[in-house]
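This briefing is meant to be read with the sequence and the structure side by side.

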Amino acid sequence: MRKTVQLLLVASLCGCVATTPRPDAGSQRVDPIPFSLALEEIVITGIRQRLPDPASARLGRTLAGERTLNGRKEIVVCGFVSGKAPSGGSGDQAFIARIYPDTASSFELVAMGGALETRRLVDSTCSAAGLPISDPV
């Protein structure tokens, strides 16, 4: 009887294997991080490359957070940038960007624009990530 109990106990434990939890690839949430001067430099340089008057670009309210998706670390940045428009006027544009620190801090602009539709997309996406931004005051 004792041997039978021991065999059953060993057999039941054979199926138990410790595994490391995998990050949820569907998760949009980030862990907020400070928006450092180094991060600001990467962001403003990347955004200026996409503006008609790069020298006029000024960052407004900007938030950042980091996460790991599919084993790759990324920093998500949400905010506003103002600058001169081709028509001569100026305006604020909402943006979302990603920075990959593991690959020489490569910069990817996900979305940017001043249209109401773009602002809503940026706001809802950033809020879902845990970086709620609102229109600049």
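In what sense do strand S4 and S5 pair, and over how many bridges? In this predicted model, strand S4, which covers residues 90–100, pairs with S5 in the antiparallel sense, and seven bridges hold the pairing. The points below set that pairing in the context of the protein chain.

**Overall make-up**
- The protein chain contains three helices and five strands, and, read from the N terminus, these elements follow the order α-β-α-β-β-β-β-α.
- Of the 137 residues in the protein chain, 28% count as buried.
- Among contacts in the protein chain with a separation of 6 or more, 50% are made by residues 24 or more positions apart.

**The sheet**
- The five strands form an open sheet in the order S1-S2-S3-S4-S5, and the pairing is antiparallel.
- Strand S1 (31–33) and strand S5 (106–113) stand at the edges with a single partner strand each, so one side of each is left without a neighbour in the sheet.
- From one strand to the next, the twist averages 25°.
- S3 and S4 also run antiparallel, joined by 10 bridges, and within this pairing Gly83 stands opposite Gly91 in S4.

**The S4 and S5 hairpin**
- S4 and S5 form a hairpin with five residues between them, and in the turn Ala104 has a positive phi of about 55°.
- Across this pairing, Phe95 stands opposite Met112 in S5, while the bridge partner of Ile96 in S5 is Ala111.

- Helix H3, residues 116–129, lies across strand S3 (72–84), S4 and S5, and runs at about 40° to S4.
- Ala94 lies in strand S4 and counts as buried because its relative accessibility is 1%, which is under the 20% cut-off.
- Leaving aside residues up to four places away in sequence, Ala94 touches Gly79, Phe80, Ala111, Met112, Gly113, Arg119 and Val122.

**Aromatic rings**
- The structure holds zero aromatic pairs.
- A ring does take part in another arrangement, in which the charged end of Arg72 sits over the ring of Tyr100 at 3.7 Å from its centre.

**Confidence of the prediction**
- The pLDDT of the protein chain averages 80, and 74% of the residues score at least 70.
- Confidence in the protein chain is highest in S1, at 95, and lowest in helix H1 (residues 2–14), where the mean is 44.
- Over residues 4–26 the pLDDT is below 50, and this stretch has four contacts in the model beyond near neighbours in sequence.

Note on methods
Residues are numbered from 1 along each chain as its sequence is written. This is a predicted model: local features need pLDDT of at least 70, side-chain atom pairs count only at pLDDT 80 or more; totals for chains, interfaces and linings use all residues. Side-chain values use heavy atoms; hydrogens and water are left out. Two strands pair if DSSP finds at least two bridges between them. Helices (H or I, at least four residues) and strands (E, at least two) are DSSP runs, numbered from the N terminus. Axes are lines fitted to C-alpha atoms, for helices over the stretch in contact, and angles run from 0 to 180 degrees between N-to-C directions. Contact means heavy atoms within 4.5 Å. pLDDT is the predictor's confidence in each residue, from 0 to 100. Rings of Phe, Tyr and Trp (its six-membered ring) pair if their centres lie within 6.5 Å; planes under 30 degrees apart count as stacked, over 60 as edge-to-face and the rest as tilted. A charge sits over a ring if NZ of Lys or CZ of Arg is within 6 Å of the ring centre and within 35 degrees of the ring normal. Buried means under 20% relative accessible area, exposed over 50%, partly exposed in between (1.4 Å probe, protein chains only).
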